[in-house]
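Here's a quick briefing on a protein with its ligand. Have a look at the model first, then read on.

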Amino acid sequence: MQNRNVLISGAGIAGTALAYWLRHHGFRPTVVERASALREGGYKIDIRGAALDVVSRAGVLEAVRAQRTDVQGGSIVSAAGKRVATLDGDTFGGRAGHDAEILRGDLNRILYDLTVDGADGVEYLFGDSIASATETAAGIEVTFDSGERRVFDLVVGADGLHSNTRALVFGPEERFIRDLGYYVSIYSVPNHLDLDRWELTYLSPLRTALTYSTAKDSGAKAMFLFASEPLEYDRHDVSQQKKLLAEAYAGEAWEVPRLLAALDEAPDFYFDSLSQAHLDHWSKGRTALVGDSA
Ligand SMILES: Cc1cc2nc3c(=O)[nH]c(=O)nc-3n(C[C@H](O)[C@H](O)[C@H](O)COP(=O)(O)OP(=O)(O)OC[C@H]3O[C@@H](n4cnc5c(N)ncnc54)[C@H](O)[C@@H]3O)c2cc1C
């Protein structure tokens, strides 16, 4: 078979899922992930429609169902914490029929476990990143930040919205990313409200804050969604992003100050703009993009 050796950049949902299917079809994928370990965290997501078929064919539908959030419902709260509207879990989460709701991090873990299973498991290079990728007659020569050099047949960028692969092969991010005018942040917090598979949402003009607990989480999560002009910040500077979030919610009521107080200890802090990539082509030579990078 041609083009067997495939380098995937990024071990998120797109990267691990692709690694599974490539191995399944006889390819030999290697995954390079910048973080030192699989990135935990993220909001709950619904596996529905075509995605149910995909997880089913990958043989992990039962594993996904076993990790379901089992969220029973959600309430909109006032500034004083009074529950002003309550919906059942399916309505609140937009779940229907056989949809399976699972935390992003749990789905990522299931897909990862699937790819490292067995003697011919997928090779993962954690704590590294592609520094350069040059096409030659023999393939695509990749240099990693660690200094290591290797030749692959194909490279796939599954490294998210701010894709390193896209920047290296297709051009600078500004050419492709459209900002939708919002920022999202999510991280683990202590379950100080004793929520049992329940979500509380506080709405203030242009700012939403919510907290919820799931069946698979002994703590809780805090999530923030706010409208903003583009913010200038260093994407690798987590403390700067925590500060931006705290500033955006300064003076907000409800439990917001308590949720923000947990920022310092948050092990799985995530912060990003809501944006979309727009490209005319998702491949160029021996390189292709999947997931948010595309
Ligand atoms: C920790 C986390 C939490 C998230 N939480 C939410 C959320 O609450 N709400 C929401 O709407 N979306 C969230 N997202 C985004 C969501 O996961 C994606 O929109 C969706 O799953 C598509 O994923 P993807 O695999 O294309 O990209 P991503 O999920 O962004 O995964 C990209 C992966 O590539 C890795 N990576 C980045 N740069 C490099 C590099 N230079 N070299 C190698 N690897 C690299 C990242 O560490 C990450 O593991 C989150 C993403 C992450 C990583």
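Which residue puts a polar side-chain atom 3.0 Å from a nitrogen atom of the ligand? That's Ser129, a polar contact in the sense of a pair of N or O atoms within 3.5 Å. Keep in mind that this is a predicted model, where local features need pLDDT of at least 70, side-chain atom pairs count only at pLDDT 80 or more, and totals for chains, interfaces and linings use all residues. Residues are numbered from 1 along each chain as its sequence is written, and side-chain values use heavy atoms, with hydrogens and water left out.

**Around the ligand**
- The ligand is surrounded by 23 residues (a heavy atom within 4 Å), and the closest are Ala14, Glu33, Tyr43, Arg104 and Asp292.
- Asp292 brings a polar side-chain atom to 2.6 Å from a ligand oxygen, while a polar backbone atom of Ala14 sits 2.9 Å from an oxygen of the ligand.
- On its own the ligand has 920 Å² of accessible area, and the protein covers 83% of that (Shrake-Rupley method, 1.4 Å probe).

**The two domains**
- Domain 1 takes in 5-70 + 95-175 + 278-293, and domain 2 is 179-277; the bounds come from an automatic or database domain assignment.
- Taken over C-alpha atoms, their centres are 25 Å apart.
- In contact (heavy atoms within 4.5 Å) are 22 residues of domain 1 and 20 residues of domain 2.

Technical notes:
A polar contact is a pair of N or O atoms within 3.5 Å; within protein, one must be able to donate a hydrogen and the other to accept it, and residues adjacent in sequence count only if both atoms are side-chain atoms.
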